[in-house]
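Please look over the sequence and the structure before going on to the notes below.

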Amino acid sequence: MNTAVRQGDLSDLLRNRRSTRVYDPGHVLADEDLARLMRAAQWSPSAGNSQPWAFLVGRRGDETHRRFLPHLSAGNTSWVPHASAVLVSAHQAASGPEDDALTFSDYAMYDLGQSVAMLTVEAELLGLTVHQFAGFGHDAVAREFGVPPHWRVTTALAIGAYGDPRAADPVLAERDERPRVRKPMDDFVFAGSWGAGAGL
């Protein structure tokens, strides 16, 4: 496996992006920055412009945040609460009950992923970091916040400023400092036939 990205192959923004677990616990996510992140998600592509995504926003210390935290899996309780905000993402899983409900798109989960990716890149441009995670009680969160049955809670996103690893739990700091590793492109970029590397 490749253990590093060659210089010049990517923008610094993408090359240096990390899913950190060490956040600055004093950072406050400004209203304008949150709105900008949501705007990035809003303007991402979707099948037929269906925009089948939704986000539940909890900023550290507010009611939504307090109600979400008890549903974290044990492995995420040591770092998620320090992030400036946690967003719970959901995608439309069926047409709604409204008379003018949009036709359900089979690509709703794909489109949600695109919106989260756009949000993640915009966060990096703002000097923030995003860690996407699934370790929480999805059904319990859906009940807690009254998510309609034609929507599915999908993932959560911890958002905030990078913290000081010297002041963090050494276990979390060590995980954040591990080299980023990715598969070689010939393992997933094919030409001619499936499995035949494209030689990039």
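At roughly what angle do the axes of helix H2 and helix H4 cross, and within what distance do they come? In this predicted model, the axes of H2 (residues 31–42) and H4 (residues 108–125) cross at roughly 145° and come within 7 Å. The points below start with the whole chain and then return to this pair.

**Overall layout**

- The protein chain contains 6 helices and 4 strands, and along the sequence they follow the pattern α-α-β-α-β-α-β-α-β-α.
- Taken along the principal axes, a box of roughly 50 × 50 × 30 Å holds the C-alpha atoms of the chain.
- Of the 200 residues in the chain, 36% are buried.
- Among contacts in the chain with a separation of 6 or more, 76% are between residues 24 or more positions apart.

**The H2–H4 crossing**

- The crossing in which H2 passes H4 is right-handed.
- On the H2 side, the contact is made by Arg-36, Leu-37, Met-38, Ala-40 and Ala-41.
- On the H4 side, the contact residues are Ser-115, Met-118, Leu-119, Glu-122, Ala-123 and Leu-125.
- By type, the residues of this contact comprise 8 nonpolar, 1 polar and 2 charged.

**Helix H2**

- H2 has 12 residues, which at 1.5 Å a residue should span 16 Å; the end C-alpha atoms of H2 are 16 Å apart, so the two values agree.
- Its buried residues are Leu-34, Leu-37, Ala-40 and Ala-41.
- Seen down the axis of H2, these buried residues fall within an arc of 120°, so they line one face of the helix.
- An α-helix has 3.6 residues a turn, so residues three or four places apart point the same way.
- Asp-31 and Glu-32 are exposed, on the face of H2 turned away from its buried side.
- The cover over the buried residues of H2 includes strand S1 (53–59), H4, strand S3 (128–133) and strand S4 (151–161).

**The loop between H2 and S1**

- Asn-49 lies in the loop between H2 and S1, and Gln-51 is found in that loop too.
- Most residues other than glycine have a negative phi.
- Asn-49, although not a glycine, has a positive phi of about 55°.
- Gln-51 is likewise a residue other than glycine with a positive phi, near 50°.
- Is Asn-49 buried or exposed? Asn-49 counts as exposed because its relative accessibility is 54%, and the cut-off for exposed is over 50%.
- Gln-51 has 34% relative accessibility and therefore counts as partly exposed.

**Helix H4**

- The 18 residues of H4 should span 26 Å at 1.5 Å a residue, and the end C-alpha atoms of H4 are 26 Å apart, which agrees.
- The buried residues of H4 are Ala-108, Asp-111, Leu-112, Ser-115, Val-116, Leu-119, Thr-120, Glu-122, Ala-123 and Glu-124.
- Which elements do the buried residues of H4 pack against? They pack against helix H1 (12–16), H2, S1, strand S2 (85–92), S3 and S4.

Technical notes. Residues numbered from 1 in each chain as written. Predicted model: local features only at pLDDT ≥ 70, side-chain atom pairs only at ≥ 80, totals over all residues. Heavy atoms only, no water. Axes fitted to C-alpha atoms, helices over the stretch in contact; angles between N-to-C directions. Helix = DSSP H or I, 4+ residues; strand = E, 2+ residues; numbered from the N terminus. Left-handed = near helix turned anticlockwise from the far one by under 90°. Contact = heavy atoms within 4.5 Å. Nonpolar A, V, L, I, M, F, W, Y, C, P; charged D, E, K, R; others polar. Expected span 1.5 Å × (residues − 1). Buried < 20%, exposed > 50% of the residue type's maximum accessible area, 1.4 Å probe, protein only. Arc of directions from axis to C-beta.
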